[in-house]
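Come and read along with me.

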Amino acid sequence: MAVNSPLIIALDYPSLDAALCMADQLDPAQCRVKVGKELFTRSGPAVLEALHGRGFEVFLDLKFHDIPNTVAGAVQAAAEQGVWMVNVHASGGRRMMETAVERLQSQRLATHLIAVTVLTSLSAEELHETGVPVSPGEQVEHLARLAQQSGMHGVVCSAQESAAIRQTCGDDFLKVTPGIRPAFATLDDQQRIMTPSAAIQAGSTHLVVGRPVTQAEDPMSALASILVDLP
Ligand code: C5P
């Protein structure tokens, strides 16, 4: 199914049952869903099968980071299970990313492959502590460019970074953005947030939204009120 919606709902649940209970309140024509490390580690491929069976396109957010051959194998495994999008860490380097892209191409797998640049949880000091001498913003741009040169389809980034990445990498390069808070929602533990419409205006192509939808009394009406506001 071709979903004409930029929304990706984060199914951050510790069990298959809890994740499916939420998915059953969502419409696969109006959003995609994201499966992260905790849910996948607990439930395994069963969660992908169950979500695909319900008609959802799935972003498998496992942020692979390893030697090229290992990452390529993991990306291939994800793609063969039919996921719509999967990601790796750009800091794994050009060869790691290129090998993963080549693997998908050689197997004729159409899964979107995107890169995490700098984790938004890292402060400037923490980034420096890992041996990176530049600011997080500079490193994000550097890695976004490297990801694009390596054939990746886009990056995960904060909406604050979308405009700069659009400048360097263009409109077609995917910018998948968490930290989204509609005006009606609480901040939760997010610090640097943007509203859905501001994020799209800034250049984000996809919006990852968790609690503003999943913790809402009526998730589909929360989702609809986000969609109606988009430019
Ligand atoms: O509930 P909330 O909307 O804050 O969920 C956002 C989702 O995006 C979570 O799955 C979170 O792990 C993920 N994420 C994030 N910030 C990042 C990268 C991923 O919030 N920098």
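These are my entries, one topic at a time.

**Ground rules.** I am working with a predicted model, where local features need pLDDT of at least 70, side-chain atom pairs count only at pLDDT 80 or more, and totals for chains, interfaces and linings use all residues. Residues are numbered from 1 along each chain as its sequence is written, and side-chain values use heavy atoms, with hydrogens and water left out.

**Helix α4.** I took helices (H or I, at least four residues) and strands (E, at least two) as DSSP runs, numbered from the N terminus. How far apart are the end C-alpha atoms of α4? I found 18 Å, which agrees with the 18 Å that its 13 residues should span at 1.5 Å a residue; the expected span is 1.5 Å times one less than the number of residues. Next I looked up burial, where buried means under 20% relative accessible area, exposed over 50%, and partly exposed in between (1.4 Å probe, protein chains only). In α4, the buried residues are P68, V71, A72, V75, Q76, A78 and A79. They cover an arc of only 160° around the axis, which puts them on the same side of α4; the arc is that of the directions from the helix axis to the C-beta atoms. I noted a rule beside this: an α-helix has 3.6 residues a turn, so residues three or four places apart point the same way. N69 and E80 are exposed, on the face of α4 turned away from its buried side. The buried residues pack against β3, β4, α5 and β5, where contact means heavy atoms within 4.5 Å. Just after α4, G82 takes a positive phi of about 90°.

**Helix α5.** Which residues of α5 are buried? I listed M96, M97, A100, V101 and L104. Their arc is only 130° around the axis, which puts them on the same side of α5. R95 and Q105 are exposed on the other side. Among the elements that cover the buried residues of α5 are β3 (58-64), α4 (68-80) and α7 (136-149).

R108 is not a glycine, yet its phi is positive, about 55°. I found R108 in the loop between α5 and β5, and it counts as exposed because its relative accessibility is 76%. D188 also is not a glycine, and its phi is positive, near 55°. D188 sits in the loop between β7 (174-177) and α9 (196-202); at 40% relative accessibility, D188 counts as partly exposed.

**A residue in β7.** Is V176 buried or exposed? V176, in strand β7, counts as buried because its relative accessibility is 0%. Leaving aside neighbours within four places in sequence, its contacts include I8, F59, I114 and V208.

**The ligand.** The residues include A10, D12, K34, T120, R181 and R211.

- A polar side-chain atom of K34 is 3.0 Å from a ligand oxygen atom.
- For T120, a polar side-chain atom is 2.3 Å from a ligand nitrogen atom.
- R211 has a polar side-chain atom 2.7 Å from a ligand oxygen atom.

Methods: A residue is near a molecule or strand if one of its heavy atoms lies within 4 Å of it. A polar contact is a pair of N or O atoms within 3.5 Å; within protein, one must be able to donate a hydrogen and the other to accept it, and residues adjacent in sequence count only if both atoms are side-chain atoms.
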